[in-house]
Number of protein chains: 2
Amino acid sequence: MVDIATRVYNHKWKIDPIVRSLIDTDFYKLLMCQSVFRNRPDTTVTFSLINRSKDIRLADLIDEGELREQLDHVRGLSLSRGESTWLRGNTFYGKRQMFRPDFMEFLEGMRLPAYHLEKRDGQYELTFEGKWPEVMLWEIPALTILMELRSRAVLRDMGRFELQVLYARAMTRLWEKIQVLRQLPDLRIADFGTRRRHSFLWQDWCVQAMIEGLGDRFIGTSNCLIAMRRDIEAIGTNAHELPMVYAALAENDADLREAPYEVLADWHEEHEGNLRVILPDTYGSKGFLEQAPDWLAGWTGIRIDSGDPAAGAELAIKWWQDRGEDPRRKLIIFSDGLDVDKIVSLYHQFHGRVKVSFGWGTLLTNDFRDLVPDNGLAPFSLVCKAVAANGRPTVKLSDNPSKATGPAAEIERYKRVFDVGEQVAQKVVV
Amino acid sequence: MVDIATRVYNHKWKIDPIVRSLIDTDFYKLLMCQSVFRNRPDTTVTFSLINRSKDIRLADLIDEGELREQLDHVRGLSLSRGESTWLRGNTFYGKRQMFRPDFMEFLEGMRLPAYHLEKRDGQYELTFEGKWPEVMLWEIPALTILMELRSRAVLRDMGRFELQVLYARAMTRLWEKIQVLRQLPDLRIADFGTRRRHSFLWQDWCVQAMIEGLGDRFIGTSNCLIAMRRDIEAIGTNAHELPMVYAALAENDADLREAPYEVLADWHEEHEGNLRVILPDTYGSKGFLEQAPDWLAGWTGIRIDSGDPAAGAELAIKWWQDRGEDPRRKLIIFSDGLDVDKIVSLYHQFHGRVKVSFGWGTLLTNDFRDLVPDNGLAPFSLVCKAVAANGRPTVKLSDNPSKATGPAAEIERYKRVFDVGEQVAQKVVV
């Protein structure tokens, strides 16, 4: 029987909203937001959407009106009572009340600020300017909206059966990956694929497949909404935006050199255990670790997010050993451009030597490679970054020179200050 | 929103019926039934289920109680008003009122007769005895019930995601086959897969995929219910049971030799055009064609249902030429154990020399090979045949000695009467 009421109701929607909840975002955005809200609430930042895959001409694919409707829809969202209850009451990483009452009050009252949208050279220039704790929450919705509108644009002309077979193939592909991962007995892997997902429903399917296929080896998702609905762990710690903004705010080279450690000192005060994870690569992992204060070596682990992952992990292991720490008690989280082959080989290389964990992103939630003509659903490299703080440009170097962002002169200055030597360029896929 | 009423309603079913309509059967059964109803209405026949794949122990897999429930359910069915209207009013092969009023009255009043069920050696002995026009209509429901109960038995312990991925894989596989078939510009292909389908819903999906993927090249389905619901052509002509029963009724060797032609003489009176299709292999195609009266060469085509299909087609072409017919105006229907490779190669070999058409059966509607552990869903060779008529055993030889059925002494007698020489054994897959 057709449920007439449901059908009529569905037809009433003016749009099919992509982001329907403020917690359809990465958990670490909320953790970082709380940190920013406490330590740097009045900083003014600019976030900007950057499509590193220039050949994907988003402004040709996606209608501007539709994009505005989706962005406007997100601006109308506020935290629901159930979402607030979940954030206030849930245990994250074994800790209750991770979110402080003053931060929760801010979040309950928060609405996403205005956006600025222009077309240029077949791309959208989408920027957000305002108070850091508000603007930063645009990153994930902006990315997921652009990603899903692109998917919809490519799927628009496909027939019902082509669509069904497309998803059948994508499901089969993911399930086959999961079958390979099942062979790794001590695997710990999480979904980090919110930002570049094919669509919300697809990410949700992927998470369910991971739950079903991997059981305890699947340790959770970075997506708060899915974590809440599927009753699994929300996963995440911190990201590059913290050192990037702290660094931009530094008054001189000496302060600049200290900025990344200042970030972690603030974090150290707030968090313990599994949340104490170093992200060392913002201005080169090698220099960062060499210059790091000893208390950092006491942290739980390191996340490797650029450069050759095996080399980065070996560097971390050596660093811990040099500082008198036992690497077998330390956690390494791999999170850069992972797919099954890389996960398997990193697992075998490091399993037993350190605690290994994987944050699987784009190729978990958006692997539609070669499934439509002209590879029109191939993943691409879209980011939404802090580009300025209090009027000063931000810089990111990472361990891969292809990923460096910021004005050229500033990049040179940062390279000098952080003593970044030779770096090996790696192809950026996603 | 959950549609509570629908959910409660679905839950009320005592069983999930496999056959829900008397026209969920092959079109040729109804055509033959009308012929039998007119020419041999009082013949008493026995039909029997025969599992040629002894290693599939159906009685171990399938619960006897469930089997009886399904068979009993079919006995409760009668032709619905809409089904009767469709049979009476539809145009089949360009002809209106193909089913005569007296036959339709019989069919509207018809209920399937009793069955006899026993377990023996891990198999079910399932037999039907009674008037030929009634008993013959058990063949397809009996097969589809056994096939689908076997599928259900294998799927019973699979999880929700395993099931979803199983069907995703099967869909992907069929869609890839269809992509290959799309390359053949003048293809004419029909679904002949009712009897050994994985399930009703799956056959219906396969038909929809063929409609979507092949357009006009898909010429219809043998399944009347699906043809009616999907508004496509019902396809079929006649089958071995006619010559088998006519032959069993023959009083002596001379009558026996004439029996297959007598069948077609009766058919000739009733039908013209595309329904005049010779099925020559019941007692060996070679002898059948050599001895055939000239008027048979005027028929529209030949169906090749056993033996090496290319050899059978060459034999037919030569026969037409010998009888002064132009093979390019003749139709050859291939219907034995087809899959894509064989279809493609037969198409290329015969396209342009004759009109070629394909009746694609088991590997259209039941290709789950290697998709579950131990290949538990591999298709197998289940048939439901007339084994006796008026107390005398029936015999089938076909062009493949592995397919011969009947008592050994009778097989020898038939081979002698029909002058069947050397035959090449072919492996029977489905």
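## Basis

The model is predicted, so local features need pLDDT of at least 70 and side-chain atom pairs count only at pLDDT 80 or more, while totals for chains, interfaces and linings use all residues. Residues are numbered from 1 along each chain as its sequence is written, chains are lettered from A and ligands numbered from 1 in the order in which they are written, and side-chain values use heavy atoms, with hydrogens and water left out.

## Interface between chains A and B

On chain B, 19 residues are in contact with 19 residues of chain A; contact means heavy atoms within 4.5 Å. The two chains bury about 1,900 Å² between them, with 65% of it on carbon and sulfur atoms. Buried area here is the accessible area (1.4 Å probe) that two parts lose on being put together, summed over both. In chain B, the residues losing the most area to chain A are F161(B), R169(B) and W175(B), together 30% of what that side buries.

Two salt bridges are counted between chain B and chain A, a salt bridge being a side-chain nitrogen of Lys or Arg within 4 Å of a carboxyl oxygen of Asp or Glu. E176(B) forms a salt bridge with R169(A), with the closest N and O atoms 3.2 Å apart. On the side of chain B that touches chain A, the elements giving two or more residues are α9 (160-181) and α10 (200-214) of chain B. Helices (H or I, at least four residues) and strands (E, at least two) are DSSP runs, numbered from the N terminus. The most comes from α9(B), with eleven residues. By residue class, this side of chain B has eight nonpolar, five polar and six charged residues; Ala, Val, Leu, Ile, Met, Phe, Trp, Tyr, Cys and Pro count as nonpolar, Asp, Glu, Lys and Arg as charged, and the others, Gly among them, as polar.

Strand β9 (residues 301-304) of chain B runs parallel to strand β8 (residues 277-278) of chain B, joined by two bridges. Pairing requires that DSSP finds at least two bridges between two strands. The bridge partner of I278(B) in β9(B) is I302(B). β9(B) also pairs in the parallel sense with strand β10 (residues 331-334) of chain B, over four bridges, and I304(B) stands opposite F334(B) in β10(B).

From β9(B), G301(B) and R303(B) point one way and I302(B) and I304(B) the other way, and all are buried. Buried means under 20% relative accessible area, exposed over 50%, and partly exposed in between (1.4 Å probe, protein chains only).

## Salt bridges within the chains

Over all chains the count comes to 76 salt bridges. One of them joins the side chains of R413(A) and D253(A) at 2.9 Å, N to O. This pair links helix α19 (residues 408-417) of chain A, which holds R413(A), to helix α13 (residues 253-270) of chain A, which holds D253(A), 160 residues apart. R413(A) is partly exposed at 22% relative accessible area, and D253(A) is partly exposed at 25%. Also in chain A, D26(A), K29(A), E139(A), R195(A) and E241(A) are linked in a network of salt bridges.

In chain B, D204(B) forms a salt bridge with R230(B), the closest N and O atoms being 2.7 Å apart. D204(B) lies in helix α10 and R230(B) in helix α11 (residues 224-230) of chain B, so the pair ties together parts 26 residues apart in sequence. D204(B) is buried at 11% relative accessibility, whereas R230(B) is partly exposed at 33%.
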